[in-house]
Every structure is written in structure tokens, then in C-alpha cells.
Amino acid sequence: MRAYDIILKKREGNELSKEEIEYLIEAYTAGELPDYQLSAWAMAVFFKGMNERETADLTMTMANSGDTIDLSPIQGVKVDKHSTGGVGDTTTLVLAPLVAAAGAPVAKMSGRGLGHTGGTIDKLESIPDFNTSLSREQFINNVNDIKVAVAGQTGNLAPADKKLYALRDVTATVDSIPLIASSIMSKKIAAGADGIVLDVKVGDGAFMKDYEEAKRLAKTMVDIGKNVQRETIAVISDMNQPLGLAVGNALEVKEAIETLRGEGPVDLTALCLTLGSQMLRLSGVVKSVEAGREELEKVLTSGAGLKKLKEMITAQGGNPEVVDNYNLLPTAKQKIELKAEADGYIEEIAAEDVGIAAMLLGAGRKSKEDNIDMAVGVELAVKVGEEVSKGDKLALLHVNEQSDLTAAREKLQKAYTITTEPVEEKALIYEIVK
Ligand code: URA
Ligand code: CA
């Protein structure tokens, strides 16, 4: 087989065989094909697309390109959740204990944040002594013992995707639906998921700014799931403002605890119930999504979800007392108010700008090597649709010495759009694709 012929075949809009896709990806991962050939191929895919079969074959080739996590020692159906990335997306911190308390095993591998989006692993590390680097055995034992573990990625998962994604990033071929879909799904499959619940974000702060694109991405990933025997459902949710009120590591841990107490922000709670009930249904713990939601509501009301979080913190070496005493979490030295510059209604809170403001305060990394400050971030005081008067508090900035307060404040002020006309409430959950 020759890479040239495969590139030409795709350039002409023809379907590639499984063998051709495997050859191209495997040889590239092994360093036997040059970047320029894979770049040309990615560009051909960008323009000509791939059908359902090709996309599934590409997914499995990338999933099998490195280590794969064998979760079979864990009893039950392992359902993973993936978000395409948002700002202040505190869902995993809430969902992992919540779903586990309702009886489904949660073996979750998460990542660190980069740029304007945060990562679950960073957030968890704001809990004193919490250990996110579990060995394979510990990870599996914890899930078998208490139904939940959240740890950083171990092993060399989907190296083909890593290499291809880096190449796409510099060749203007990231935003191809089949390439994005196969990239995301390959990593979930390599991490051992039997079933997958996807939270596809759409809006200003999201990867997908356009609704039809988001829907196509959702549908493509659900179809991949069907073709590779991992039942997958996708929830399309709004990212035209940050989720919940807190954006920042320790701030989001606190927000997750409040949510598990049943006292969290309405939008974060609603999204967690929607995603969680889908997870419970896929895991087979309940027969229907409706039954799943009932279970989760019970777990919220009884405090079993909060208790599960404490168990998880203890099992991973952290101090579970943070749940009852927020003073044990890192706290910023200063809290500075951001005020409304006009009377009116909040029309938009540009999520990406809020994420960048939090990063400028030190909550996120500009580059992979940066250190982050667990204590700092942004706490929104109002959300889209609310009425404000000039001088009202819009948000609270949690600030330390290293924070670039001037730039952060400017970004955050710019994130808010205030209009004189009342604003219609936007939907949070648009559609479920299955
Ligand atoms: N996220 C991924 O993991 N892969 C892509 O290709 C795009 C976004
Ligand atoms: Ca949040």
C-alpha cells in the first residue's frame, strides 16, 4: 500500500477501506510516514468527508494505537461521560459521586485544564492531599469498593490521536466533524468505556459555535458508538454563559458540594440530572431515563451523593472534612467586586471571556507548563436574563498576588452585555441525540 494512493483516493472523494485507514494511521504513529502526507490526507478528509463506516474504522484504529484500559475487573457496565469543553463546567465533580451513589460504577479518567477551560483533575487537587494519580489496581479496587474513582490518565492512550490532533492543529484541519468525532470517541474507548454519555456544548464559550454543526458532531459520535458496540447518547447543551456560578478550581469544588447538598445553581443541577439519568440508563441500573432521574433526585435529597463524595475523597487520600468546612479549601486573599456599568438586563455573559479572566487571575494555564492557583477565580453574581441597576454586583473576583487583576477585570467586564430590553430565558438543554 502507498500513502500517495490513499491520499489521492480521498482527494477524489472515494471511500477508503478499513485496511487503507489502518495502514495510514499505524504507519504514521510508528513514525514511518511524514507529516506532509498525513496533512494532505487530513485536508482531503476536511473537504471530502468520511462516511459512517470510515469514521468508525478510524476511531477504532486510533483507540487501539496504544494502551487500552481494561475495566473488566470492575463489575457492571462502565459508562463514561465526556464534555466537549466549557467554562465553569463543574459537572464531573457532581456527577461522579451522584451516579455512583445511585448504584452505577464510575471509573472516570479526567484531564487538566488548558487555556480558558478548566480540568477536573486540577479542581480535585484543590482538596488537601487528594491523590489523582492512582495505580491501575487502586483505581479498579476503589471502583469495586465504593463505586467511584476519578483519576488522571495513565498509560499511553490513543497516541495516534495525539499525533494527528497536533498535526491538525497547525494545518487548519481541526474543524472537520469526522476527525473531531473519531478523536473524542477513540480516547473514551481506549479508556475502557462500555457506554458513553456526551455533553456537546454549543455557543460562544464552546468548541462548536453553531447549532447545526454541534448537532452533526453529536450525531456522528452517536453513530460511531452504534458501529463499535458502545451505546452512546449525546446531550446538546448551552454554553452561551458559564455553567453555574463558579469558575476556578477550589471555587468549583465548593459549588459541586453545594450542588450535592441540593443547594447548587439551577442550571448546573439540571444538567447533572439530565446527564446522570442517561448514565444510569446506559449502565442498566434503571430501565428508563425517567427512573434514573427519580433515583438521582432521591440521592440528592437523602444526602447520599454528598456522603459518596466524602467516601471518594477519603479513598483517594484527601481530607473529607472540606465538605463541611470550606475554610479547609484554598482561599484567595482578596475579593473584588465587578459592578454593572448600566441599568438593564443581562443579555449575554461571554463564557470564553469569563474563562480567560479566570485564567488571568491564575486559575488556568496559558501553556502546559504553567502553575495554577487553586484559590482564585470568578464567582458570578447574576446570570443571563436578570435585571440589574448601575453599580450592582455582577461578579466577585477571587484574587491573589500573582493575579493579573487589571487584565482580568477588563476581560470580565467585556464578557457582560447589558441591554435595555427584557431578555428571554434561553434553554439550557436543547436536544438529546441517540
Ligand atoms: N477535542 C478532541 O479531543 N479532539 C478534537 O479533534 C477536537 C476537540
Ligand atoms: Ca461552575
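This is a predicted model: local features need pLDDT of at least 70, side-chain atom pairs count only at pLDDT 80 or more; totals for chains, interfaces and linings use all residues.
Two strands count as paired here if DSSP finds at least two bridges between them.

Strand β8 covers residues 344-349 and is joined to β12 by 4 bridges, with the two running antiparallel. If you want a spot to look at, find Glu-348: across from it, in β12, stands Thr-417. In general, strands of a sheet pair through backbone hydrogen bonds, either parallel or antiparallel.

Now over to ligand 1. The space it takes is the largest pocket. Around ligand 1 you'll find Tyr-165, Arg-168, Ile-180, Ser-183, Ile-184, Lys-187 and Phe-207. Two helices, α8 (159-169) and α9 (177-190), each supply at least two residues of the shell, and the largest share, 4 residues, comes from α9.

What about polar atoms facing the ligand? The side chain of Lys-187 puts a polar atom 2.5 Å from an oxygen atom of ligand 1. An N or O atom in the Ser-183 side chain sits 2.6 Å from a nitrogen atom of the ligand. For Tyr-165, a polar side-chain atom lies 3.4 Å from a nitrogen atom of ligand 1. As for cover, ligand 1 taken alone exposes 230 Å², and the protein buries 88% of that.

Notes
Residues are numbered from 1 along each chain as its sequence is written. Chains are lettered from A and ligands numbered from 1 in the order in which they are written. Side-chain values use heavy atoms; hydrogens and water are left out. A residue is near a molecule or strand if one of its heavy atoms lies within 4 Å of it. A polar contact is a pair of N or O atoms within 3.5 Å; within protein, one must be able to donate a hydrogen and the other to accept it, and residues adjacent in sequence count only if both atoms are side-chain atoms. Accessible areas come from the Shrake-Rupley method with a 1.4 Å probe; for residues, only the protein chains shown count as cover. On a 1 Å grid over the protein atoms alone, a cavity is a set of points where a 1.4 Å probe fits but cannot get out, and a pocket is an open set with protein on both sides within 12 Å along at least five of seven lines; lining residues have an atom within 4 Å of a point. A molecule sits in a cavity or pocket if more than half of its atoms lie within 2 Å of its grid points.
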